[in-house]
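Trainee: Before we start, could you take me through the features of this structure one by one, giving the general idea and then the case at hand?

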Amino acid sequence: MELLDRYLRSLQFWLPGDQRHDIIAELTEDIRSEVEEKQAAIGRELNADEMRALLKRRGSPLRVAESYLPQRYLIGPRLFPIYWMLLRSLVLYFLFPWAILWLCFSAAVPFYYTHSPALQLLRTVAPLWTLGVYTIIGLTAGFAIVERAQRAAQDRSEWEPGRPTVVRDPNRVPRSSSIAEVVWNGFILLWWANALRMPASPDLRITSSATITQYFYWPILLLLVAMVIVGAANLIWPLWTRTRAALRLAVDLAGLAMVLAMAVMWAQGGVFVELDGAKISAEALAKAQQWIGVSCVIVLLLMGVSFAARAFQDFRRTLGKQPSLNRAVKLLVGE
Amino acid sequence: MADIAQLRAEGYGYISRKALADDGPAFDEDTLCPLRQRLEGQGLLDCEWCAEGGRNQRFHRLSPAGEVILNPRLLDEWYSIHQWREPILQEA
């Protein structure tokens, strides 16, 4: 019976403290009764293999103990989808772009691997990484607190059976998102066309680099105009048609191509902006330029992911299919 | 449900499980004991250690609160489900 004693001792460890003694006593008697009955049937004592088989059929100590433990969870099934969506957004919008950036820095930027060792990059990324980890911990702790509070107020729900549930048509464009698209892209368009001046420091002059002006000025201008037109059309006719989806698919693909072209330019050592400041040292200017470059790449990365997601949705609409209802895709598209 | 009904008369783990298995499908070893533990925690079962065949066994029996839950609540529910299901199954 040494095997049985070991099994019970191991099981005892996992059981809830206040019931441990009773459960073990009951299980001991239960197993012993079974053993005795088997022994009576075969007319001899069970050997070690037979005993092992009997215990194996009952399951591992942890599995058996599990059936005695109450169900416990930090975030319940009601809040979990929202928590999961936020967590995925955090990874998608924050950790993932930074991981890509880190890889780009390490592998493709001549400035980086010739002038600064990997340690400097790690120093740059470390605070953001820490922020990401703390955000995940904070998010989890926040949801766990809300879960507990909700459980306490479980039966005091304010839901009214008479209140209608809003069911959204996935092919309807919310007016708010069309207005935001027109205003935002219009604002960028005016700035890009130099019709809108941004407040600037007299000591530091920031201009587009020669490469950007030469190769990207007109494509970006046309892309912005097309985006404003699509946004305005969606504002007037808020239901997607296959033609309009096809038109925006073309715009999305053009945007994606442009983002890729700019990323290639940057990876080959190109710069997005040129800085000029008589009172600022060359070293400070180089550092500022490096940071502006990094910021531009992050923006490009986000834009690329967003263009790809929009192209995916518009491709489905162009084929006459329903757009994807995946939350991450909808978030990226802004639907 | 079958186990609760069986516990209108006093019984203990292994014998109860065997009795149920003799009359119908077999129960897993780790189904009955945790179930009884929970019912006991909810006050639906009374339990007592008694000597049986030269060793201590934990005997369970439905408590007065458990009796009320079984009859009429659980049994009524069971019969109404049965009555509702029977014609559907016969049609199939």
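**Reading charges, interfaces and helix packing**

Mentor: In this predicted model, the side chains of A:Glu2 and A:Arg6 meet in a salt bridge at 3.5 Å, N to O, where a salt bridge is a side-chain nitrogen of Lys or Arg within 4 Å of a carboxyl oxygen of Asp or Glu. Because A:Glu2 and A:Arg6 are four residues apart in helix H1 (residues 2-14) of chain A, they are separated by about one helical turn; helices here are DSSP runs of H or I with at least four residues, numbered from the N terminus.

Trainee: Which conventions lie behind these values?

Mentor: Residues are numbered from 1 along each chain as its sequence is written, and chains are lettered from A and ligands numbered from 1 in the order in which they are written. As this is a predicted model, local features need pLDDT of at least 70 and side-chain atom pairs count only at pLDDT 80 or more, while totals for chains, interfaces and linings use all residues, and side-chain values use heavy atoms, with hydrogens and water left out.

Trainee: How many salt bridges are there between chain A and chain B?

Mentor: Side chains of opposite charge can pair when their charged atoms come close. Between chain A and chain B the count is five salt bridges, and over all chains it comes to 17. B:Arg17 forms a salt bridge with A:Glu34, with the closest N and O atoms 3.9 Å apart.

Trainee: What area do chain A and chain B bury between them?

Mentor: The size of an interface is often given as the accessible area lost when the parts come together. Chain A and chain B bury about 1,700 Å² between them, 42% of it on carbon and sulfur atoms, the buried area being the accessible area (1.4 Å probe) that two parts lose on being put together, summed over both. A:Glu26, A:Glu29 and A:Asp30 supply 32% of the area that chain A buries against chain B, more than any other three residues.

Trainee: At what angle do helix H2 of chain A and helix H2 of chain B pack?

Mentor: Axes are lines fitted to C-alpha atoms, for helices over the stretch in contact, and angles run from 0 to 180 degrees between N-to-C directions. Helix H2 (residues 20-42) of chain A and helix H2 (residues 13-23) of chain B pack at about 60°, with their axes 8 Å apart. H2(A) and H2(B) are therefore oblique to each other, since angles under 35 degrees count as roughly parallel, over 145 as roughly antiparallel, 65 to 115 as roughly perpendicular and the rest as oblique.

Definitions and conventions: Helix = DSSP H or I, 4+ residues; strand = E, 2+ residues; numbered from the N terminus.
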